[in-house]
Amino acid sequence: MKIKGFLKDVTGASRVTKARLNAFQTASAQAEKTDPIANVVKEWHPGKTELRVTEIREASKTAKTVRFERVDGKKMPYFRAGTFVVLDFTIGDSVISRPYSISSAPYEGRLGNGYLEITVRRSRGDGFIADHINDNVKPGDVFPALIGCGQFYYEPLRDAKHVVALAGGVGITPFASMAKEVANGTLDMDLTILYGSVFSDDIVMKKELDAIKSNRVHIVHVLSGDEPDWDGERGFLTAELIKKYAAEDTSYFICGPQAMYTFLREELKKLDIPQRRIRFEVFGQAKDITTFAGYPTEMKDKTFQLTVRRGIREDVIPAKATESIVVALERAGIRIETACRSGECGFCRTKVIRGSVYICPENDGRRAADKDFGYVHACAAYPTSDLTIKIPIE
Ligand code: FES
């Protein structure tokens, strides 16, 4: 029986091969005008998509939620809850890209008038695009956008069914997207969000979050400020507090300010959580690179010469030792593709021809071959000498 089945397979395969050969030989030399598979791929992953602002609303006393719809009127491309969108901003003569976690749910993007939202908090003096969004962006503005970037999403093959999300400040946004998707029944996980804020009026998206609490979505607000009337959890996201809300098998997802990451690494160590159960969202460019392990602090006040080759063109620009190569390029109005700005995605991959750089160890997402052949991710590389680099022509 087995042999018969095997022969059937072989003769069947040869019939298919003949049919394919025949199809190749008789096919037109012209490309198919409508390829249904290509059409589906294009619809779900269209690359850069133009988004128009349709609504802006308060998300806390210092944060705003911006809603976008597609300029071409179509539904949003596919994205997973927890991922981010990269928006291009034209400011003066420069185009600057910034990643923002998507705070709406994927299912909201697939509705009739599918939309996508980001929630952005005003900076504390170190983020002029965040302030630009809060102060200047208005309904009708259009931005090119890359939707659904990053790795910070729930994956049932890898993560435990119960997830404890540890959020700080505006780091709540990827969890808001996940929570809405779970509440809608389109993401199968149990989510407990421990959300740290200083005072209750700092809580971003509070009303929206409280409206989607359910038996699968629990939201626990934790205040570190002195607020006498607060009857919820107080203090920081300590090991003790985390343990109180964890199940036996839990994955831990973390998103918030850089200082919170250092603190939580230590707290999770106390609980003996295996590394495979801990996931950190990338946090953008280092706020103060001089505080990272191995940074040559004797360089910190220096400015180097950065020679930038694009095809036959060569520009020489200044580059501060404490700013990444991406920032030096943007200051000089030289465009380089970026997405995560955290060393993870490789969009800003750049060849170093001459000179040396410091690479932030926590943000070194390069492949081994790239390290061997002198490539760096320019958003996570800081000059430590005069440099010559080669970037792709726009
Ligand atoms: S922008 Fe992602 S690695 Fe630089």
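**Exercise 1. Work out the strand order of the open six-strand sheet, and find which strands stand at its edges.**

Step 1: the order reads 4-3-6-1-2-5, with antiparallel pairing; strands here are DSSP E runs of at least two residues, helices are H or I runs of at least four, and both are numbered from the N terminus. Two strands count as paired if DSSP finds at least two bridges between them.

Step 2: strand 4 (94-101) and strand 5 (115-121) each have a single partner strand, so one side of each lacks a neighbour in the sheet.

Step 3: zoom in on one pair. Strand 3 (residues 84-91) and strand 6 (residues 142-149) run antiparallel over four bridges, and Val85 has Ile147 as its bridge partner in strand 6.

Before going on: this is a predicted model, where local features need pLDDT of at least 70, side-chain atom pairs count only at pLDDT 80 or more, and totals for chains, interfaces and linings use all residues. Residues are numbered from 1 along each chain as its sequence is written, and side-chain values use heavy atoms, leaving out hydrogens and water.

**Exercise 2. Decide why helix 5 (residues 173-183) is largely enclosed by the rest of the structure.**

Step 1: check burial (under 20% relative accessible area; exposed is over 50%, partly exposed in between; 1.4 Å probe, protein chains only). The buried residues of helix 5 include Phe175, Met178 and Lys180.

Step 2: ten of the eleven residues are buried, so the helix is largely enclosed.

Step 3: look just past the helix, where Gly185 takes a positive phi of about 85°.
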